[in-house]
Amino acid sequence: MHKKLKKYIEYYESIKDATNYELLPNGGMILLLNLISENENTNCQVTIENEVYTLQQSQVMLINAYVESVFIQSDEKLELIAVRFKGAGASFFYEDEMIRLMQVPDEPISIENNMLKDDLDSYLLSRLIASKLPFNIMKIIELLDEQGSDYSIDDVMSIANVPRKVLDKMFNLKTGLTFKTYATLREQMN
């Protein structure tokens with residue numbers, strides 16, 4: 001992974017040689033890429049909170065942050081990549097899609113088609129856009145990652161330097177989760 005991406009992306013998760021897979025919650029959004037494989041039309045089913053969505057071969061899906069595991073299954077062996085964003089990381093790549101995703105937060109959205117694994121870093125670097133927020137949301141994410149559910153709201157407010165109502169709304173819009181839910185998920189991971 002390119003060093004510029006490490007600030008926003010936790011890691012790339014390769015999903016291969018299985019017909020079932022469980023994506024555990026990490027507090028961030030996930031970009032799921034169904035790579036072109038040897039098997040023609042390797043579609044898979046993505047189950048999010050008991051709703052099933054089809055991810056077609058060579059399609060890319062953006063999944064909002066979630067609290068329950070996401071399950072993936074296919075009749076053929078999977079060949080997927082899950083890009084696991086840190087907290088608000090996805091909003092730096094998909095700002096336009098965030099509004100659409102937050103209108104129906106439980107449903108994933110299709111982003112692109114024909115994405116190749118080898119082009120992933122280049123593709124993400126080309127989509128990286130600087131934040132227009134009046135505060136550094138990634139510093140808040142780092143604080144919550146370090147402190148878990150024992151975070152100090154005073155520390156968060158000193159970083160944001162905006163009214164609490166604005167901070168709460170923007171945090172939820174950019175991460176898909178509340179402070180408390182995000183911090184609890186991160187604490188459970190550690």
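At what angle do the axes of helix α3 (residues 137–147) and helix α6 (residues 179–189) cross? In this predicted model, local features require pLDDT of at least 70 and side-chain atom pairs count only at pLDDT 80 or more, whereas totals for chains, interfaces and linings use all residues. Residues are numbered from 1 along each chain as its sequence is written, and side-chain values use heavy atoms, with hydrogens and water left out.

The axes of α3 and α6 come within 8 Å and cross at roughly 50°. Axes are lines fitted to C-alpha atoms, for helices over the stretch in contact, and angles run from 0 to 180 degrees between N-to-C directions. Helix α3 is therefore oblique to α6 (angles under 35 degrees count as roughly parallel, over 145 as roughly antiparallel, 65 to 115 as roughly perpendicular and the rest as oblique). Ile 140, Ile 141, Leu 144, Asp 145 and Gln 147 of α3 meet Phe 179, Tyr 182, Ala 183, Arg 186 and Glu 187 of α6, contact being defined as heavy atoms within 4.5 Å. Helices (H or I, at least four residues) and strands (E, at least two) are DSSP runs, numbered from the N terminus.

Met 189 also belongs to helix α6. Its relative accessible area of 37% makes Met 189 partly exposed (buried means under 20%, exposed over 50%, and partly exposed in between, with a 1.4 Å probe and protein chains only). Its C-alpha atom is separated by 9.7 Å from that of Asp 145, 44 residues apart along the chain. When residues up to four places away in sequence are not counted, Met 189 touches Glu 10, Pro 25 and Asn 26.

In strand β3 (residues 30–34), 5 of the 5 residues are buried, so the strand is largely enclosed by the rest of the structure. Ile 30, Leu 32 and Asn 34 are buried on one side, and Leu 31 and Leu 33 on the other. Strand β3 pairs in the antiparallel sense with β6 (residues 59–63) over 4 bridges and with β8 (residues 79–85) over 5 bridges; pairing requires that DSSP find at least two bridges between two strands. Leu 31 has Leu 62 of β6 as its bridge partner, while Leu 32 stands opposite Ala 82 in β8.

Strand β4 (residues 44–48) is joined to β5 by 5 bridges in an antiparallel arrangement, with Leu 55 of β5 as the bridge partner of Cys 44.
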